Amino acid sequence: MITLLIDNLNTEITQDFYKQCIKAIDLHRLPCVCGHHDMVKYGTYERTVITASGSLKLSVVRGLF
């Protein structure tokens, strides 16, 4: 289980909001600890997120260094 506490978030967490956050990070630019290649997105998995207004299912990016 992953728990994330965010103070002062002025937007509702949605699949679109999650996608915007991931896009802003630009995962392909994160270097591997070995220094020879970058992170690669290779799929997604579903997780349930519990918010103050209820729960929703998010499709979470799966990555590999």
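The exercises below work through a predicted model of one protein chain, each with a solution in steps.

Residues are numbered from 1 along each chain as its sequence is written, and side-chain values use heavy atoms, with hydrogens and water left out. Because the model is predicted, local features need pLDDT of at least 70 and side-chain atom pairs count only at pLDDT 80 or more, while totals for chains, interfaces and linings use all residues.

**Exercise 1. Describe the chain as a whole.**

Solution. Begin with the helices (H or I, at least four residues) and strands (E, at least two), which are DSSP runs numbered from the N terminus. The protein chain has 1 helix and 2 strands, and along the sequence they follow the pattern α-β-β. Next, take burial, where buried means under 20% relative accessible area, exposed over 50%, and partly exposed in between (1.4 Å probe, protein chains only). Of the 65 residues in the protein chain, 11% are buried. Finally, the accessible surface, from the Shrake-Rupley method with a 1.4 Å probe, comes to about 5600 Å², and 56% of that surface belongs to carbon and sulfur atoms.

**Exercise 2. Find the surroundings of Thr 44.**

Solution. First locate the residue: Thr 44 lies in strand S1, which covers residues 40-51. Then look for contacts, meaning heavy atoms within 4.5 Å; leaving aside neighbours within four places in sequence, Thr 44 touches Ser 59, Val 60, Val 61 and Arg 62. For one of these, Arg 62, the C-alpha atom is 4.9 Å from that of Thr 44, although the two residues are 18 apart in sequence. Last, check for a polar contact (a pair of N or O atoms within 3.5 Å; within protein, one must be able to donate a hydrogen and the other to accept it, and residues adjacent in sequence count only if both atoms are side-chain atoms). The side chains of Thr 44 and Ser 59 form one, at 3.4 Å.

**Exercise 3. Decide whether Glu 12 and Arg 29 are buried, partly exposed or exposed**.

Solution. Glu 12 sits in the segment before helix H1 (15-25), and because its relative accessible area is 43%, Glu 12 is partly exposed. Leaving aside neighbours within four places in sequence, Glu 12 is in contact with Phe 17, Thr 51 and Ser 53, and a polar contact of 2.7 Å links its side chain to that of Ser 53. Arg 29, in the loop between H1 and S1, has 68% relative accessibility and therefore counts as exposed.
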